[in-house]
Amino acid sequence: MALGAKLRSYYCDLHVHIGRTSAGQAVKISGSSSLTFAGIAKETAQRKGMELIGIIDSHAPGVLADIRALLASGEMSEAEGGGIAYQGTTIVLGTEIEIREPGRKECHVLAFLPDLAAMEDFSSWMGKHMRNINLSSQRLYVPARELQDEICGRGGILIPAHIFTPHKGLYGCAAERMADLFDLERIAAVELGLSSDSEMAGYISELDPFTFLTNSDAHSLGKIGREYNVLEMAQPSFHELKLALARQEGRRVSGNFGLNPRLGKYHRTYCAGCGSIADEAYATSERCPYCGSQKLVQGVFDRILAIADREQPLIPAHRPPYHYQVPLEFIPGLGKRKLEVLLAAFGTEMRILHAAGEAELAAVAGAELAAQIVKARSGTLELSSGGGGTYGKVVKG
């Protein structure tokens, strides 16, 4: 579309895994069996209310066969500008890949391809350099920059995934600088992950030019949209997404909606000896302040401080607001039955979170729960810190 095309806001989550193919073949071993390509599309369009979704693991041959069947049946169609269209939602086809450079630990990256033909071609290439092309997040035995060549050569985009997590995050365990692994000119954006936010990333100057993404990394249908983005685009498509990440022709990410980092599973340093999570006063301790053990798993916040090249975070002018938003599933008292009542009244989770007023919510779910939802929107619920693979919690409303 032209430069003068009318833009509007779209909700977008670009990291949703596939658990199984329609035939029951495992793709993401830890993923729910309900996470099929068709199941994700239906959940996203009808329940979540998101117009752009990135389905990871679309490279698997069984998933590609499912997509072909859905297109052939007419249930889905190829979207103008790239992607797969379903009931007002566009699916961009992606894959999560594990790489490991010599002398370094492994890290994960996301790759998105413009259309089904490009993903099929990329899958064929990956199959020659991967032990099991049928599974999610597998090791690719090629250098990082060769991977960039293959993705960009097909018109695709590369996004380092959950960059700060100690478990296979680029900064979290593989490198202190992204330039040690990749050509920065061919990085489309970076994904912050559940335990960090824009301010925390502002301690590292190398990240200043990049668009930040907040995605769910969902391993179940319910987790879709626990973190998401608002994008200004002319329509939901791969082409428009690429422009938005590059901040071109007025397209951009206008908002990141994510967990307060304290709710993330790896926010603070965790002691494998006694199971404690170190508090702020012990951020740089080499021993657990509670049991003296040296079996510490460094948390995201502590890792960032260790590799920072600034004493204070800097947020560039192009960076959109980062909104702390507690997902509906974290809110005390909001169980499945209450959520179904709210969905019946307001249609989608995005409408509950963004459009419904407190009085409207109270009329459906009661004043106490309505107040909790409004506090969840504004990030004012009291939280305890997560760490060591355990989520933080909402303490009280």
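Start your tour at the largest cavity, which holds about 40 Å³ of space. What you have open is a predicted model, where local features need pLDDT of at least 70, side-chain atom pairs count only at pLDDT 80 or more, and totals for chains, interfaces and linings use all residues. Residues are numbered from 1 along each chain as its sequence is written, and side-chain values use heavy atoms, with hydrogens and water left out.

**Stop 1: the largest cavity**

Select Phe210, Thr211, Phe212, Arg247, Val253, Asn256, His318, Arg319 and Pro320, and you have the lining of the largest cavity. On a 1 Å grid over the protein atoms alone, a cavity is a set of points where a 1.4 Å probe fits but cannot get out; a pocket is an open set with protein on both sides within 12 Å along at least five of seven lines; and lining residues have an atom within 4 Å of a point. Grid points are joined across faces, edges and corners, and a volume is the space filled by probe spheres set on the points. Rolling a probe the size of a water molecule over the atoms shows where empty space is left.

Colour that lining by type and you get 4 nonpolar, 3 polar and 2 charged residues. Here Ala, Val, Leu, Ile, Met, Phe, Trp, Tyr, Cys and Pro count as nonpolar, Asp, Glu, Lys and Arg as charged, and the others, Gly among them, as polar. The structure holds 2 cavities of 30 Å³ or more.

Now click on Pro320, in the loop between helix H8 (300–307) and E14. Helices (H or I, at least four residues) and strands (E, at least two) are DSSP runs, numbered from the N terminus. Is Pro320 buried or exposed? Pro320 is buried, since its relative accessible area is 12% (buried means under 20%, exposed over 50%, partly exposed in between, with a 1.4 Å probe and protein chains only). Not counting residues up to four places away in sequence, Pro320 touches Val253, Ser254, Gly255 and Asn256, where contact means heavy atoms within 4.5 Å.

**Stop 2**

Next, go to the second largest pocket, with about 360 Å³ of space. It has 20 lining residues, and the closest to its centre are Lys48, Gly222, Glu329, Leu339 and Glu349. Show helix H1 (37–48), helix H9 (336–346) and helix H10 (349–354): each gives at least two residues to the lining of this second largest pocket. By type, the lining splits into 8 nonpolar, 4 polar and 8 charged residues.

A salt bridge is a side-chain nitrogen of Lys or Arg within 4 Å of a carboxyl oxygen of Asp or Glu. The pair joins distant parts of the chain: Glu349 is in helix H10 and Lys48 in helix H1, 301 residues apart. Glu349 is buried at 10% relative accessible area, and Lys48 is buried at 1%.

**Stop 3: other salt bridges**

A search of the whole structure turns up 18 salt bridges. For another one, select Asp180 and Arg104, with the closest N and O atoms 3.9 Å apart. Asp180 lies in the loop between helix H5 (170–174) and strand E8 (190–191), while Arg104 lies in the loop between strand E5 (89–99) and strand E6 (107–113), 76 residues away. Asp180 is partly exposed at 42%, and Arg104 is partly exposed at 27%. Then pick Glu43, Arg47 and Glu340, which are linked in a network of salt bridges.

**Stop 4: the nonpolar cores**

Which residues have the most contacts inside the largest nonpolar core? They are Phe37, Phe122, Leu147, Phe164, Phe182 and Leu207, in a core of 68 residues. A nonpolar core is a set of buried Ala, Val, Leu, Ile, Met, Phe, Trp, Tyr and Cys residues joined through side-chain atoms within 4.5 Å. Helix H3 (residues 116–126) gives this core its largest share, 6 residues. Zoom in on Phe37: leaving aside neighbours within four places in sequence, its contacts include Ile18, Ile55, Val63 and Met76.

A second, separate core has 27 residues, including Tyr228, Leu259, Leu328 and Ala370. Finish on Leu328, in the loop between strand E14 (322–324) and H9. Leu328 is buried, at 5% relative accessibility. Beyond its neighbours within four places in sequence, Leu328 is in contact with Leu334, Leu339, Glu349, Ile352, Leu353 and Ile373.
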